[in-house]
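Subject: Structure handover

Hello,

Here is the structure I promised to pass on. Please open it alongside this note; my findings follow below.

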Amino acid sequence: GAGVALVTPFKEDLSVDYDQLEKFIDFQIDNGTDSIIICGTSGEASTMSHDEQIEVVSACVLMSMEESQ
């Protein structure tokens with residue numbers, strides 16, 4: 001299967017852009033991606049706090065569950 005490491009989109013105020021992140025996730029699921037890697041080296045994890053990383057991963061799990069139903 002194919003796995004894709006997503007970037008974490010940010011707004012100009014440096015908060016996570018959850019609307020854009022959901023679009024990225026939806027696109028991957030709609031196009032048959034087998035796994036989505038969140039907060040990896042492409043996901044700017046080194047610039048995010050641990051709490052931000054947990055929030056992003058949690059949000060992605062919920063978004064992917066909603067999209068795959």
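A residue is called buried here when its relative accessible area is under 20%. By that cut-off, 25% of the 69 residues in the protein chain are buried. Please keep in mind that this is a predicted model.

Overall layout. The protein chain holds two helices and two strands. Along the sequence they follow the pattern β-α-β-α.

Overall dimensions. The C-alpha trace spans about 30 × 20 × 20 Å along its principal axes. The radius of gyration of the protein chain is 12 Å. A compact globule of 69 residues would have a value near 11 Å, so the two agree.

Helix α1 covers residues 18-30, and helix α2 covers residues 50-67. Their axes come within 10 Å and cross at roughly 45°. That angle makes α1 oblique to α2. The crossing is right-handed.

Which residues meet where α1 and α2 touch? From α1 come Tyr18, Leu21, Glu22, Ile25, Asp26, Ile29 and Asp30. From α2 come Glu55, Val56, Ala59, Cys60, Met63, Ser64, Glu66 and Glu67. By class, this contact has eight nonpolar, one polar and six charged residues.

Best wishes

Terms used. Residues are numbered from 1 along each chain as its sequence is written. This is a predicted model: local features need pLDDT of at least 70, side-chain atom pairs count only at pLDDT 80 or more; totals for chains, interfaces and linings use all residues. Side-chain values use heavy atoms; hydrogens and water are left out. Axes are lines fitted to C-alpha atoms, for helices over the stretch in contact, and angles run from 0 to 180 degrees between N-to-C directions. Helices (H or I, at least four residues) and strands (E, at least two) are DSSP runs, numbered from the N terminus. Angles under 35 degrees count as roughly parallel, over 145 as roughly antiparallel, 65 to 115 as roughly perpendicular and the rest as oblique. A crossing is left-handed if the near helix is turned anticlockwise from the far one by less than a right angle, and right-handed if clockwise. Contact means heavy atoms within 4.5 Å. Ala, Val, Leu, Ile, Met, Phe, Trp, Tyr, Cys and Pro count as nonpolar, Asp, Glu, Lys and Arg as charged, and the others, Gly among them, as polar. The radius of gyration is taken over C-alpha atoms; the globule rule is 2.2 Å times the number of residues to the power 0.38. Buried means under 20% relative accessible area, exposed over 50%, partly exposed in between (1.4 Å probe, protein chains only).
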